[in-house]
Amino acid sequence: MARDTVETHFTQTVAALKAGPARDPSRPVREGTALTGEQCRMLFRHQLNSRLLDIAARWLREQDQGFYTIGSAGHEGNAAVAAALRPGDPALLHYRSGAFYLTRSEQRDRLPEQGIRDVLMGLTAAAEEPIAGGRHKVFGHPELAVIPQTSTIASHLPRAVGVAFAIERAKALGTSPPWGADAITVCSFGDASINHASALSGFNTASYATYQGQPLPILFVCEDNGIGISVRTPQGWVESAARRPGIEYFAADGCDLADAYDAALRAVQHVRANRSPAFLHLSTVRLMGHAGSDVEVAYRTQREIRADLARDPLVRTAALLVEAGLATPEDLLKQYDSAREHVLRIALETTRSPRLGSAAEVMEPIAPRKPELIAKLAPTAAAPEVREKAFAGALPEDDKPMTLSLAINRTLADALAVYPEMMVFGEDVAKKGGVYGVTRGLQKRFGPGRVFDTLLDEQAILGLALGSGVSDLLPVPEIQYLAYLHNALDQIRGEAATLSFFSRHAYRNGMVVRVAGYAYQKGFGGHFHNDNAIAALRDIPGLVIASPARPDDASAMLRTCLAAARTCGTVCVFLEPIALYHTKDLFDEGDGGWMASYAPTGRWAETHVPIGRARSYGDGRDLTIVTFGNGLRMSLRAAVRLTQEGYGVRVLDLRWLAPLPLDDLLRMAELTGKVLIADETRHTGSISEGIIAELVDAGYTGSIARVTSADSFVPLGPAADHVLLSEEEIEQAARKLLG
């Protein structure tokens, strides 16, 4: 459907409207509705400007000055949803939310032109655009409580549930949510999106929480135009999918502004009063195709297209005004022409705005990091009396040397004492204390509001973290096994890691995602409990990947990650080697060489581990073994044997897999001129590939070799030994390099 068809239909249909008897604009625009005439006039203006933004988007694309043409035409009824909400209610919006955004903008006492200009600068990729700064066309603004979403499906629903959760949990923790104590979350999406796994996760989590009596104030809004690009949504499917335990269902004609407003008002009142979810189903139409490049006559009949045009919400709101005697057809057509000229003039102006001019400009908001602030906050300890209470008088620094598992447990306890907004959650982390006991006792010390079990759904776990992080809490979710992370990786890749980038730091979701990972559980569990693949994490821009192997490093690095999340909104994945959790010895049984004492609070500053700083063992000048995780223990054992034979070997523990410690790596490589990389991950997509590339790029000219695990899944039992990197392979490769 061409834009001129839509414009002509509006002009001709409105011109033919017959005026009704005049109503008082302060009274309902028609019998039986709560929508007043004044509200109808205001919302028509926002609907009209939204429609004209779509017209401008197509015009800009024709001039090669606009770069986004998915529009809101046919969905302008979402202005009614915005009108039913408070301007401080956090909103995570569908990409057809132009009228909602313009309504929300004016609710915040901004000039009408400001909202229009926001959208047009997004269309033209202007660097001055107030949310993404020319990086993407999104609806978002820090002053409007509109959190930008780049999702074209439903991956924002788990976060939206997390925001609703955080509103209530913040009150329980005694902190103030940025949205207000009685705020509700609104999350909109299309009908096709309800089939996506992330949407089902969001609905299920909301239903699960409500079923257990937990407050969760969220309004799901499905704008149902009956088609996902070219695939039809079966009649009745949305309602069928929406009706779930604990989620109240409301429906309205989204093309009828008064009907949409009344239903939205009831839904909002239900959510706000009961602090429980609702699903608002708005029947809409899609005008002008999916996007500018979409030729919908290839898959839709002319009859179907005409039927949608006949329900045009802009025409129907115009009819409301004319029939109520609040405007004449001539008035509305003049308003249309004047607004059209105004919007196109602003569109032309935005084409002259500067655009991003360099890679540095584009990348600047990916991962803003302030090392000096992190170094200042990381060593912070709770007051002595608070720590005494938290540890029941048995301070960890007074205890004997401890394992990796215990060191992480004690550090989490210390952090919970420091950060009142911090929460630890995941599958089995509460009463059980985690599969490996890493979180044992934390719930008893800090209560179920701060340490709690979740449902078995990694998307839901990360969604709670995403929503909590953007709501100024400090989430520390646990993913039970590395293999399980892949079930929900887009929640990190597409949601967590992109938020700062697409909002220029205005919104952040700092978090520390603890993941039990790697292999070497002596054949236990097979692949899903011994996954050694992290390639999918390493190419996510801005993501910090910590991989401690020793107890003392784990404590310091965890404090660093928490400080980075709190001060800079950093998204950290904290990979914990399962096989080293309870390891005590390094060389011989009983030597205790893999345990370490817990540092007293007075030494936390001097033991601080900055992001991207490696740790070196030994001072040999013949060979550098670069490794991490389980590889550290194997490499140290091999290095000692080689040293006893007269070779000078040093071992470099990377500790951070993203960003790699490049300065330390290059310095240690050049000290020996020979580098062996002992990499426990798979041969393809391994850390070693990145290390070799970085060394070569930096001009290193010495010898390089690597040993890795095989390109295989990890089998059950002793067969695992055939495909995993071994200590013997490290030693053999080292001898070969040493000649």
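How many cavities of 30 Å³ or more does the count come to? The structure is a predicted model, in which local features need pLDDT of at least 70 and side-chain atom pairs count only at pLDDT 80 or more, while totals for chains, interfaces and linings use all residues. Residues are numbered from 1 along each chain as its sequence is written, and side-chain values use heavy atoms, with hydrogens and water left out.

The count comes to 10 cavities of 30 Å³ or more. On a 1 Å grid over the protein atoms alone, a cavity is a set of points where a 1.4 Å probe fits but cannot get out, a pocket is an open set with protein on both sides within 12 Å along at least five of seven lines, and lining residues have an atom within 4 Å of a point. Points are joined across faces, edges and corners, and a volume is the space filled by probe spheres set on them.

The largest cavity has a volume of about 220 Å³. Its lining has 23 residues, and Tyr68, Ile70, Tyr95, Lys137 and Phe139 are the closest to its centre. The largest share of this lining, 4 residues, comes from helix H2 (helices are DSSP runs of H or I with at least four residues, numbered from the N terminus).

The second largest cavity has a volume of about 120 Å³. Of its 16 lining residues, Ile366, Ala367, Gly569, Thr570 and Val571 lie nearest the centre.

The largest pocket has a volume of about 670 Å³. It is lined by 23 residues, with Tyr520, Gln521, Lys522, Ala579 and Arg633 the closest to its centre. Helix H23 (residues 630–644) gives the most to this lining, with 4 residues.

How values were computed. Helices (H or I, at least four residues) and strands (E, at least two) are DSSP runs, numbered from the N terminus.
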